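User: I'm new to this one, so please take a close look at its aromatic rings. After that, could you show me how the rest is laid out around them?

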Amino acid sequence: MQRLKGDASDFAGGVGPDRRQVVARTRELTAEIAERTHAESALRESEERYRQVFQRAPIGVFHYDAGLRITDCNDRFVRILRSTRERLVGLDMNTLGDGRVLPSIRQAVTGGHGDYDGPYLATTSTAELAVSIRTAPLRREDGTIVGGIGIVEDMTEHVRLEEQLRQSQKMEAV
């Protein structure tokens, strides 16, 4: 049988750690576990709140990776583009038929915020829209950019009504 070497301060009564050390360490571990459990619960709640906002937002929201591939989108985004989730998630936006929106989308993956207001011809449907798009980078905890998030508002009806108003004002002036 092999004997362990050490002095009396290493072992209380030659059997192991002092009971006070065990109790103190047990309290530390219990506090750490409680803190971690609380943090995990808070994270789950935060994720659920974000998911609810994402899904129920009255504007289109989409996430994309650094290669400009759509990784997720909400139902409103699908409706705005008159498309399907299956056609949109996984879509490489580098291949969009209407490239006018690409500079604002690319801006986010370079660390900036992108804006686009104007016409857009959808790639996955026949929709012809007036849109307002805002993009921002998505970052890891260490600051590395992993993609972007975009919000899209369908401005088609607004633009149509503005044009009607202009036409009406022209007719009144005549």
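Analyst: Let's say that two residues are in contact when they have heavy atoms within 4.5 Å. Among contacts in the protein chain between residues at least 6 apart in sequence, 41% join residues at least 24 apart. Keep in mind that this is a predicted model: local features need pLDDT of at least 70, side-chain atom pairs count only at pLDDT 80 or more, and totals for chains, interfaces and linings use all residues. Residues are numbered from 1 along each chain as its sequence is written, and side-chain values use heavy atoms, with hydrogens and water left out.

The protein chain has 5 helices and 5 strands (DSSP runs numbered from the N terminus: H or I of at least four residues for helices, E of at least two for strands). Read from the N terminus, those elements go α-β-β-α-α-α-β-β-β-α. Along the principal axes, the C-alpha atoms of the chain fill a box of roughly 105 × 30 × 30 Å. Out of its 174 residues, 29% count as buried (under 20% relative accessible area with a 1.4 Å probe and protein chains only; over 50% is exposed, and in between is partly exposed).

Now for the rings you asked about. There are 2 aromatic pairs in the structure (Phe, Tyr or Trp rings, the six-membered one for Trp, with centres within 6.5 Å; planes under 30 degrees apart are stacked, over 60 edge-to-face, the rest tilted). F62 and Y64 have ring centres 5.5 Å apart and planes at 25°, so that pair is stacked. Both F62 and Y64 are buried. F62 also pairs with F77, and that pair is stacked too, at 4.8 Å centre to centre with 25° between the planes. F62 belongs to strand β1 (residues 60-65) and F77 to helix α2 (residues 75-80), so this pair ties together parts that are 15 residues apart in sequence. Put together, F62, Y64 and F77 make one aromatic cluster.

Strand β1 comes up again when we turn to helix α4 (residues 102-109). The helix has L102, S104, I105 and A108 as its buried residues. These pack against β1, and also against β3 (114-121), β4 (128-139) and β5 (145-154). Just after α4 comes G111, which takes a positive phi of about 100°.

Over in strand β3 you'll find P119. P119 counts as partly exposed, with a relative accessibility of 42%. Leaving aside residues up to four places away in sequence, P119 touches D98, R100, L129 and A130. P119 and A130 are 11 residues apart in sequence, yet their C-alpha atoms are 4.3 Å apart in space.

Finally, have a look at two loops. L68 is in the one between β1 and β2 (70-73). L68 isn't a glycine, but its phi is positive, at about 70°. L68 is also buried, with a relative accessible area of 3%. In the loop between α2 and α3 (85-88) sits R82, and R82 has a positive phi as well, about 50°, although it is not a glycine.

The buried residues of α4 pack against β1, among other strands.
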